[in-house]
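Please read the points below slowly, with the sequence and the structure open beside you.

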Amino acid sequence: MNTEATAGVNPEELHAFFDDELPADRADAIERMLAEDSDLGAEHEQLGLMRGTLRASLEAEAEAVPQARFEQVWDEIDRAIERDARLQAEADRSPSVWARVWAAFKPLRLPALAAAGAAAVTLAVISTDSEDPNKTPAVASVDETSDAKPAAPAPAPSEAETPEPTRLADANPGGQATPPEPEIAPMPVPESSEAEIHEIDFGGKNGRISNTGTVTVLYVEDVEATSSERSL
Amino acid sequence: MASPDADDQQLVKAAQAGDRRAFQALYQRYERKVYAVAHGFLRNQEDALDVLQEAFIKVHRYLPNFEGQSSFYTWLYRIVANLCIDHLRRSGRKKDVEFDDRLRHDAEQDAAPDLSPISALGDPSAAVKNKEILSAVQESLGRLSDKHRAVIVMRELQGLSYAEMAKAMNCSKGTIMSRLFHARRNMQKLLSERLEYMPPSAEGGSADSMTQEAAS
């Protein structure tokens, strides 16, 4: 009976048998034939010799490479692993709360910057005006003593953004309006005034003191009632 | 920390836990084997070293995903085979463009070539110590097409199964079976031709038949 298991072996099948890639029943059949057929056995043996020769040859090529070359390759691998680890750490690092808030408000950044810019310009204008010592009492007195509102600047700043008028008003807590003195020349502003002077005797003449907290003005009364002033 | 003498599985686990020395031990264990495979494919020392480097970087990168369903060296060799095949494709060598599995040996007849010179080599590991024999093997390997050399290296050196080779080469198991058969036949033929003309001074199992044929 000539079943598939006992049929002749084609060359490809012999190679597959050699590679242990045949089903068990077919492999058993070929194994029996190998024992009976010397030519088939010799060809099978050749495959083993070829495999051994190739392996030995390729391994001999690898042995010929100096160890230092493999160490160099390892150094490169090591560097690449370090680089990977660094990149991974950066990728894993979660953003801080502030970074996330900042990111969430990204669409509002430009309008906010524009508003802040406008506020800064307004503040700068107000500051420039209030730094003139001749205008300070007038502004403060108007706020405290009269119902008349000061002329508001065009882009009205918020309360928190207008410290200068508030500070000037506080400088005169009693709400006493300093009399307007259009003749007074601008004076340097002292940094602080710790001394409290209530009277003055200047060359046998009397005087009065005007203290606005940061500026103290001495008025010396002359016979002709002309005024002179000193700043302490 | 895993000892460098530990088995692959222990070293892999240690390396997965971040032990760089364990990973280095794996590298040192397989550096020459991987090089041999890569050089078998590519026939160029620098290319083979590049593949070695690339393979271990890749292994380290994917080590956390390695679950140990296959052995480490099987996994490693599969990566190396894929890298070599990619390298051959990238290098754009034209040797295989119009590839025919039946190339060379089928032009004559399908019978097995005269293999007596190969049989005369005797113990292969002793034979390749002879420079001429080693050179004949290397030259024959170099003359194979890229695909034939790839299947031979994957099977004879790496021991990959037909299914693994089919996956690596993106073809069927039947194609691999046929390709491997023709590749071996070509290799046998090339090697026999070279060994027949080997000078009689060859050591390591040079048979009388070889000497006589060379003299005739």
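**Notes on the two chains**

1. From its N terminus on, chain A runs α-α-α-α-α-α-α-α-β-β-β-β, which comes to eight helices and four strands; here helices (H or I, at least four residues) and strands (E, at least two) are DSSP runs, numbered from the N terminus. This is a predicted model, in which local features need pLDDT of at least 70 and side-chain atom pairs count only at pLDDT 80 or more, while totals for chains, interfaces and linings use all residues. Residues are numbered from 1 along each chain as its sequence is written, and chains are lettered from A and ligands numbered from 1 in the order in which they are written.

2. Chain B has 12 helices and zero strands, so that its pattern along the sequence reads α-α-α-α-α-α-α-α-α-α-α-α. Of the 216 residues in chain B, 42% are buried, whereas in chain A buried residues make up 11% of 232. A residue is called buried if 20 or more other C-beta atoms lie within 10 Å of its own, exposed if 12 or fewer, and partly exposed in between, with C-beta atoms placed from the backbone.

3. Contacts can also be sorted by separation along the sequence, where two residues are in contact if their C-beta atoms, placed from the backbone, lie within 7 Å. Among contacts between residues at least 6 apart in sequence, 67% join residues at least 24 apart in chain B, and the corresponding value for chain A is 55%.

4. Where the chains meet, 40 residues of chain B are in contact with 34 residues of chain A. The elements of chain B that give two or more residues to this side include α8 (131-143), α9 (146-157) and α11 (173-196). By class, the side of chain B that touches chain A has 23 nonpolar, 11 polar and six charged residues; Ala, Val, Leu, Ile, Met, Phe, Trp, Tyr, Cys and Pro count as nonpolar, Asp, Glu, Lys and Arg as charged, and the others, Gly among them, as polar.

5. Which residues of helix α1 (residues 8-16) of chain B are buried? They are B:Leu11, B:Val12, B:Ala14 and B:Ala15, and because they cover an arc of only 165 degrees around the axis, they lie on the same side of α1(B); the arc is that of the directions from the helix axis to the C-beta atoms. What covers them includes α2 (20-42) and α4 (72-91) of chain B. Just after α1(B), B:Gly18 takes a positive phi of about 100 degrees.

6. B:Phe23 sits in helix α2 of chain B and is buried, with 24 other C-beta atoms within 10 Å. Leaving aside neighbours within four places in sequence, B:Phe23 is in contact with B:Ala15 and B:His60. The C-alpha atoms of B:Phe23 and B:Pro4 are separated by 9.2 Å, although these residues are 19 apart along the chain.

7. The axes of helix α3 (residues 45-62) of chain B and α4(B) come within 9 Å and cross at roughly 130 degrees, where axes are lines fitted to C-alpha atoms, for helices over the stretch in contact, and angles run from 0 to 180 degrees between N-to-C directions. The two helices are therefore oblique to each other, since angles under 35 degrees count as roughly parallel, over 145 as roughly antiparallel, 65 to 115 as roughly perpendicular and the rest as oblique. Among the residues making the contact are B:Val51 and B:Val59 of α3(B) and B:Leu76 and B:Leu83 of α4(B).
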